Amino acid sequence: MSLASAIRDRDVGELPGKRDEDWRWTDLRGLIRALPEPSKPAEVATAGPFDGLGAEVRVVVNGGKAQPVVVAPGQSAVVALRFVSRGSGSHAAAAEVSVGADARLQLLESYESDGGSVSQASLTLTLAQGAVVERIVLAQDSADAVSVSQAEVTLSTTASFQQTILASGARRQRLETRVLHPGGGAEVRLDGVYLLAEKRHSDQTTVVTHAGTDGVTAQLTKGVVRDQARGVFQGRIVVEEGADRTDARMGHHALILSDRAEVDAKPELEIYADDVACAHGNTVGALDEDALFYARQRGMPEAEARALLTEAFIGEVVDRIGHDGAREVVRAWVADRLRA
Amino acid sequence: MLKVTDLHAAVDGKEILKGLSLDVPAGEVHAIMGPNGAGKSTLSYVLTGREGYEVTAGSASLDGEDLLALAPDERAARGVFLSFQYPLEIPGVPALTFIRTALNAQRRARGEDEIAAPAFLKLAREKAAALRIDFDMLKRSLNVGFSGGEKKRMEILQMAILSPRFLILDETDSGLDIDALRIVSDGVNALRAPERGMLVITHYQRLLDYIKPDRVHVLAGGRIVASGGPELARELEARGYERYEAAA
């Protein structure tokens, strides 16, 4: 059961839906009555969000396989990987990323759609010992699109994987990250931001499996939803038997700015090991009215005060992005959406 | 300057201000003293337009303009500034960013040009030095992790930079040690000017040794029950509020 196989077999019966525990809040089966025609090859005329940052650019338009991203041991690279969907067909895309020992990669990934497409992207990322990867994902889909991204990340010991996903939603949008964490000094940071308006839906699902001792995971996701939008956060951290001295922390905090907006959150810690430090915090609420009045008393009109306070709320995640240029692109992207 | 006439206001349907009248001419400093629960903070929130403070009767105007019809930010742009009893912490917004955003919002509302970054930094440096605030502190999130005294100094700094026409100080002395009280009072006194009015709300007379008022009013039971010169504050300190509470 997956969107990829449903697209391949043109069979709506294979779509994930409510009956799959992991998909109950992003029910594609209930949504899609018939899969659109396969997408036709297309050209990309638009600029990508990370253009101009000096990255090597790979573009996948309307499905297909990206040229593999390979960083040789000890080398470093900055690669922009664009998944572009044009029109309203259905298609699946795939990319493989492999980073050698002690190599560094900054991967600036984007999802860009302009119609009612149904698309899926599969990524595999493999990190050798001592590899350091920062993955920044900007998902700016069309309001009519169904867009699913699924990444499988496999780390070696002493590797470091740092991710920030930024999403503005779609008709249905899901960004899934599964990390196999070997422990042994490997470090994972998984951050996320969702900024949703109108009837947009965005789902950030992560699963981190700690399979060895002395692994570290830090996770922080923040969301702002308004109008009739819906945000979904599912974060699962599994600490397997023997993965002692794991240190895993997960935070998810959302602001709901209208009565009809919704946030569904499921933070889960499954711990089968001893001597672990695990914690999760989850809050969903409104903007602090006292802080809002304080800012207005100083002269800020309501809309400006709200924007300043929500930008500050999201800023905590944005500030953690390591790539300077990408961080500023993201900061502007956040400001545009919160001040719209 | 500030004219309040027969003001009635309620919070959660409960009437707190019950016919308060007050006249603060430009150039004067008036103190409002009163026991806990008299309506002192309610008065400051009603004058600044906080949600949940419902005016049921009466009027309040600044230089003839109806304040009660304006949004909180519009009142601020007209020059009304409240120094909060408990200043808010604003995580993620550096103090400098917050103050500059506020200043430019006010300037825009008044049809003035925004202040450029270099000019703003120069102004902030100058005012911070006068209040003995370490400039690096202004790069940190506003009031987050600041001590009570630092927060009050940050209020006065905002006041000095925004240069309001009418100042309301709500229990500015609370939480201040004697050195901080002197620094804060010096900051307030530096703002005394013929075109500016001030309302100093306090429970204790102590602050009024440093910020000398022209008039003192006793607020009890939601009304001004007595007014006089500075000697009234000393009398209250000596004899307490009891007889005024009885009168209310």
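**The sheet in chain B**

Modeller: Let's start with a pair: strand 1 and strand 2 of chain B run antiparallel and are joined by 8 bridges. Two strands count as a pair if DSSP finds at least two bridges between them. Strands (E, at least two residues) and helices (H or I, at least four residues) are DSSP runs, numbered from the N terminus.

Some ground rules before we go on. Residues are numbered from 1 along each chain as its sequence is written, while chains are lettered from A and ligands numbered from 1 in the order in which they are written. This is a predicted model, in which local features need pLDDT of at least 70 and side-chain atom pairs count only at pLDDT 80 or more, while totals for chains, interfaces and linings use all residues.

Back to our pair. His8(B) sits opposite Lys18(B) in strand 2 of chain B. The two strands make a hairpin with 2 residues between them. Look at Asp12(B) in that turn: its phi is positive, about 50 degrees, and Asp12(B) isn't a glycine. You'll find Asp12(B) in the loop between strand 1 (2-11) and strand 2 (14-24) of chain B. Asp12(B) counts as exposed because 8 other C-beta atoms lie within 10 Å. The cut-offs, with C-beta atoms placed from the backbone, are 20 or more others within 10 Å for buried, 12 or fewer for exposed, and in between for partly exposed.

Now the other partner of strand 1. Strand 1 of chain B is also joined to strand 4 of chain B by 8 bridges, again antiparallel; here Val11(B) faces Tyr53(B) in strand 4. Strand 4 (residues 53-62) of chain B in turn runs antiparallel to strand 5 of chain B, with 2 bridges between them. Leu62(B) has Glu65(B) in strand 5 as its bridge partner.

In general, the strands of a sheet pair through backbone hydrogen bonds, either parallel or antiparallel.

Next, a helix. Helix 1 (residues 40-48) of chain B is mostly covered, with 9 of its 9 residues buried. Among them are Lys40(B), Leu43(B) and Tyr45(B). Just past the helix, Gly49(B) has a positive phi of about 85 degrees.

Asn62(A) isn't a glycine either, yet its phi is positive, about 50 degrees. Asn62(A) sits in the loop between strand 1 (56-61) and strand 2 (64-65) of chain A. Asn62(A) is buried, since 24 other C-beta atoms lie within 10 Å.

Finally, where do the chains touch? 16 residues of chain A are in contact with 21 residues of chain B, contact meaning C-beta atoms, placed from the backbone, within 7 Å. Helix 3 (289-297) and helix 4 (302-318) of chain A each supply at least two residues of chain A's side. That side has 8 nonpolar, 3 polar and 5 charged residues. Here Ala, Val, Leu, Ile, Met, Phe, Trp, Tyr, Cys and Pro count as nonpolar, Asp, Glu, Lys and Arg as charged, and the others, Gly among them, as polar.

Note on methods:
Two residues are in contact if their C-beta atoms, placed from the backbone, lie within 7 Å.
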